[in-house]
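Here's a quick tour of a protein model. Have a look at the sequence and the structure, then read on.

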Amino acid sequence: MTRYIRHAAAFCVLLLAALLVNAARVQVVQAPSYQSNPANRRHDIARYHQPRGDILVGGEPVTGSRNTGEHLRWERTYHDGPMYAPVTGFASQAYGTTLLEDSEDGVLSGTDPVLLPLALWNGFTRARNAGGDVVTTVDRAAQRAAYRGLGARKGAVAAIEPATGRILALVSTPSYDPGLLSGNGAGAARSWRRLNRDADQPMLNRAVRQTYPPGSTFKVVTAAAALDAGVIGDVDAPTRSPAPYRLPGASTRLSNESKGCQDASLRVAFERSCNTVFAKLGVDVGVTGMAATAAGFGFNDGGLRIPFAVSPSTFDTSVDRAQLALSSIGQYNTRATPLQMAMVAAAVANGGQLRPPYLVERTTRPGGGMVAAAGSRPGRRAMQPSTAARLRELMTDVVRRGTGANAAIPGATVGGKTGTAQHGLGNSGTPYAWFVAWAQADRDLEPKVAVAVVVEDASAHRGDITGGGVAAPIAKAVMEAVLAP
Amino acid sequence: MTKAGTGISVAAADPPASTVRLPRRRGMELALIVVAVLLSVFGYCDVGLAGAGGVPPGAAGYGAGLGVLALVAHVAVRLRAPYADPLLLPIAVLLNGLGLVLIYRLDLETPGDRAAPAQLVWSTLGVALFIVVVLLLRDHRLLQRYTYVSVVAALALLTLPILFPAVNGARIWLRIAGFSIQPGEFAKVLLAVFFAAYLAANRSALAYAGRRVWGLRLPTGRVLGPVVAVWLVSVGVLVLERDLGTSLLFFGLFVVLLYIATGRTGWIAVGLLLAVLGAVAVGRLEPHVHSRAEDWLHPFASIEAGQGPSQVAQSLFAFAEGGVLGTGLGLGHSVLIGFAAKSDFILATAGEELGLAGLSAIFLLYALLVERGYRAGLALRDPFGRLLAVGLASLVALQVFVIAGGVTGLIPLTGMAMPFLAQGGSSVVTNWAIVALLIRVSDSARGQYDGRVAP
């Protein structure tokens, strides 16, 4: 019997070995694939086990975290959610993250390796770093001014500091409260469905993710191209431009809203926003020159990130001369985001140098120690400094005695350009009202703010929808907020 | 296990050695019990520190309770089984203490359903039964008298739950006055006693009759009768009570003991054949069993079907999260397994929070317990005692393998309690009874060489 007991014991040893080998297989060999299985909730539990880092505007957090006591413990909260939604985006347990919440997720959630002072030690103890903070470039007052200025209207505002590219305001209306989407319950699902069904698209970030026909505001680019290319030598010399202007190779005749455009000088044509003059200037510069200048301002650049992606603004380069004429006055296939038009104004204000816009000043550890400073990136020349100086003059004239008078600020030099962009089939849609501007307080050495405003309000009367009437006061409010000491 | 043989054969071949008083090793047992209790209390404090951020208020009470139970059991062993194996009791105390820690730890996640206090009460009952067995059962051979009483009682206990409503799909519970009892657990010990006694009495008839077929010596039809009967009971338990694990356990135990009693490989062949036949037939007929097999082969099928992870998948996730060193007590999320996290799936908590290191340690503790049982079996001289010791040890080994293999995806999952660790009163009480019997046979095994005449 002893022999058979030993056989049975050997069988038990075999069972033990099978258990141990299998345990090693599950816990060591297969572990990575099990851990990354999307149905494994441990990742989410760990992610929401601690409060998320905050997004700071003007030194104050605009985000917070709420302990729900549930399995996914911490939920995102927002102060002034709708106002800052185009900056923060949302961080939802059910629907993922967007905008800054998405592009800075590593720091905010504490997973970014730069937050780990001792990576190996943390791997051993399985400790998770507390979330770091993201300090934005946004100016609280400018953001509020833009948000209040737009009010109930549909539109967007983007404001930049020309010398650095810091984004001072980024507003899109109608907006939404991202806090409604934070959780994973029925309430969040309801809000998600409602916001996605809403015809006004409140979750669309119009400032960076929507392109509009820029209309007359694009004439700043066309003027820069003409000056840089030498098509215009003297801004006060009359141009040889007929009014109305028959588009080259086509029977369509282009006319103007205002009078006195025939053979008008660049200064007068800019002030009165003469379509005929700028259409012909664009044709005279040629598609290569126009495209080069537009690209210098940032058009046709699909790679811009602030740090989240910005929809590329477009200037069509495969056009005939009639289409080029229309493209040069901001129509046809020319489309721009509000941020792009703010960049145009900023380049003019900054002496022709375009600083790429950015939204994150720096990221910090929970205690405040710096992790990374995004900072200003090297600029590029969008136009010659002399061209920028002359455009500044032209834009100042628009505010001083032209269509942009509503943007004038006492004690500051303001340059601007209005735009009213037709759109829709046969231009039947309510026009978009544009205003791009920059402002320099008299005590400052350089312009402190460049801004672009677009209002696409379907409810207003057609006559009221002009850049000077609707958009300029909003731009003024934003610029005043930035310039205020 | 081979070493055990040599040590004992020296003692057996050397009669003068029996006049030397054998060391009883009660002091070692006491020291190990202290270590086991301290380890459990440490685990209990660790859970509190990780979860609530402080030593749990009941830590002293818990430690005192476990310590007193262990000490009383130790005194009983010291009085009535002085030659008993000194490892058995400390291992049982450690496993039971660890089980209480794990259940207490899972209770923190389910505030509405606390299981640790009841488990402590059941553990007390278990230790009480242990003491009763050690004090009253002076010799294991007395049990031989009750061979047929055992089997009748076992069958009665097994069939009783059929009269009661099913709980969670299985008819294995008795609900009396708010208590849930699993009679099948007690039946295990009774069946082990019956098997050992029946085989000890009939092993010659089983071993030396039969004819050769294809080089295998098959048993005759007359002795095949009881085997078929036991097989039918196992399948009956499976079909009527939907308890795959228990039927597998009974059948496996019977085949192992049959082999040890007769040394006939033919029995293993017959056993395997019957097991395969039964498994295939039941797998075809019973959707419950069929789905278990599907879960085993494709643990993530329910995820791909969009229905969320199955319990087996959640269990695998828990083990995977543990890695080598574990997340630390109180810091895992094995509660995601949901239903039966404290009972059938308790090992997943150990795997996640103690890691492969802790899990291996637990497996080795069971292995040590089984090995001590086998060692006692090898040292004994009477066939009944040998079969009883080996049978009880095999019971633990098979049960650990079936449930641990099930939750780690090695074999299809069968609902069974991890001995000592899992929540479940009947199981804890039964396991204490098993340890008590092992203490008794190991005492006889070592005591017989101490110049004493075994009573």
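What percentage of the 485 residues in chain A is buried? Buried residues make up 54% of them. Keep in mind that this is a predicted model.

**Chain A on its own**
- Chain A has 18 helices and 18 strands.
- If you box in its C-alpha atoms along the principal axes, you get roughly 120 × 50 × 40 Å.
- Take the contacts in chain A between residues at least 6 apart in sequence: 69% of these join residues at least 24 apart.

**Where chains A and B touch**
- Chain B puts 44 residues into the contact, and chain A puts in 30.
- On chain B's side, at least two residues each come from α1 (2–12), α9 (244–262), α13 (311–322), α14 (346–379) and α15 (383–407).
- α14(B) gives the largest share of that side, with 11 residues.
- By type, the side of chain B that touches chain A splits into 26 nonpolar, 16 polar and 2 charged residues.

**Two helices packed inside chain B**
- In general, you describe two packed helices by the angle between their axes and the distance between the axes.
- For α3 (residues 59–80) and α5 (residues 116–136) of chain B, the angle is about 10° and the axes are 9 Å apart.
- Angles under 35 degrees count as roughly parallel, so α3(B) and α5(B) are roughly parallel to each other.
- Residues making this contact include Leu69(B), Val72(B) and Arg80(B) from α3(B), and Val127(B), Phe130(B) and Ile131(B) from α5(B).
- The residues of this α3(B)–α5(B) contact divide into 11 nonpolar, 3 polar and 1 charged.

Technical notes. Residues numbered from 1 in each chain as written. Chains lettered and ligands numbered in written order. Predicted model: local features only at pLDDT ≥ 70, side-chain atom pairs only at ≥ 80, totals over all residues. Contact = placed C-beta atoms within 7 Å. Helix = DSSP H or I, 4+ residues; strand = E, 2+ residues; numbered from the N terminus. Nonpolar A, V, L, I, M, F, W, Y, C, P; charged D, E, K, R; others polar. Axes fitted to C-alpha atoms, helices over the stretch in contact; angles between N-to-C directions. Parallel < 35°, antiparallel > 145°, perpendicular 65-115°, else oblique. Buried ≥ 20, exposed ≤ 12 C-beta atoms within 10 Å, placed from the backbone.
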